[in-house]
Amino acid sequence: MGKNNLYNAVSFRYAFLDGYKKLQLSEQDLAVVLMIDHLLEQGNSLVTADLLSMKMTYSVKDLDTEMVSLVKRGFLVYDTTDGGMKTSLDPLKNLVYREFQKSM
C-alpha cells in the first residue's frame, strides 16, 4: 500500500493514538498534538500557545514549552515558504504513518 493510499485509508488520529508510545511521546504530547491537529482542521493556519490555551487547561507558558519541545524533536514545524507562517504536523504525520505501516 502506497503512502497516499495509507493516508486515505487510516486516519492520522487513529494511527497516532495507536503508536504515540512507540515514538516516546507522553500523554501531554498526545493532548497537545491532538489539539493542534484539531485547530488546523478548523482552518487555523498558525497555532500558537495562546490559541491552544483558549482550548486547553495548560498555561500559555507550559504550552509554549511543550511546543518548543515538539519542534526540537522534529514533530512540529513552522513553515514560512508561502510568505506567511503556518503550523505543520507533517513531519509527525509522516513518521506516524511510516511506523503504522511497519506494524501491519
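Since the model is predicted, local features need pLDDT of at least 70 and side-chain atom pairs count only at pLDDT 80 or more, while totals for chains, interfaces and linings use all residues. Residues are numbered from 1 along each chain as its sequence is written, and side-chain values use heavy atoms, with hydrogens and water left out.

Let's start with rings. A pair of aromatic rings is described by the distance of the centres and the angle of the planes. Here, rings of Phe, Tyr and Trp (its six-membered ring) pair if their centres lie within 6.5 Å; planes under 30 degrees apart are stacked, over 60 edge-to-face, and the rest tilted.

Take Y14 and F100: their centres are 6.0 Å apart with 80° between the planes, which makes the pair edge-to-face. Y14 belongs to helix α2 (residues 12-19) and F100 to helix α6 (residues 90-103), so this pair ties together parts that are 86 residues apart in sequence. Helices and strands, by the way, are DSSP runs numbered from the N terminus: H or I with at least four residues for helices, E with at least two for strands. F100 is buried, at 12% relative accessible area; buried is under 20%, exposed over 50%, and partly exposed in between, using a 1.4 Å probe and protein chains only.

Next, F16 and Y20. Their ring centres are 6.3 Å apart and the planes sit at 55°, so that pair is tilted. F16 is buried, with a relative accessible area of 0%, and Y20 is buried as well, at 15%. Both belong to a cluster, where ring pairs link F12, F16 and Y20.

F12 has something else going on: the charged end of K93 sits over its ring, 5.2 Å from the centre. For that label, NZ of Lys or CZ of Arg has to be within 6 Å of the ring centre and within 35 degrees of the ring normal.

On to helix packing. Two packed helices are described by the angle between their axes and the distance between the axes. The axes are lines fitted to C-alpha atoms, for helices over the stretch in contact, and angles run from 0 to 180 degrees between N-to-C directions.

How are α2 and α3 arranged, roughly parallel or roughly antiparallel? Their axes come within 11 Å and cross at roughly 175°, and the two are therefore roughly antiparallel. The classes are: under 35 degrees roughly parallel, over 145 roughly antiparallel, 65 to 115 roughly perpendicular, and the rest oblique. On the α2 side, F12, R13, F16 and L17 meet L30, V33, L34, D37, H38 and E41 of α3. By class, that contact has six nonpolar, one polar and three charged residues. Nonpolar covers Ala, Val, Leu, Ile, Met, Phe, Trp, Tyr, Cys and Pro; charged covers Asp, Glu, Lys and Arg; the others, Gly among them, are polar.

Then there's α3 (residues 27-41) against α5 (residues 60-72): an angle of about 90°, axes 11 Å apart. That makes α3 roughly perpendicular to α5. Here Q28, D29, V32, V33 and I36 in α3 meet D62, L63, E66, M67 and L70 in α5.

Now some single residues. What is D37 in contact with, leaving aside neighbours within four places in sequence? F12, R13, L89 and K93, where contact means heavy atoms within 4.5 Å.

L63 in α5 is buried at 1%. Not counting residues up to four places away in sequence, L63 touches V32, A49, L52, S53, M56 and Y58.

F75 lies in the loop between α5 and β1 (77-79) and is buried at 7%. With neighbours within four places left aside, F75 is in contact with L23, L25, L70, S88, L89, P91, L92 and L95. F75 and Y20 are 55 residues apart in sequence, and 11 Å apart C-alpha to C-alpha.

Last one, for anyone who likes backbone torsions: Q24. Its phi is near 60°, a positive value in a residue other than glycine. Q24 is in the loop between α2 and α3 and is exposed, at 69% relative accessibility.

That's my tour, thanks.
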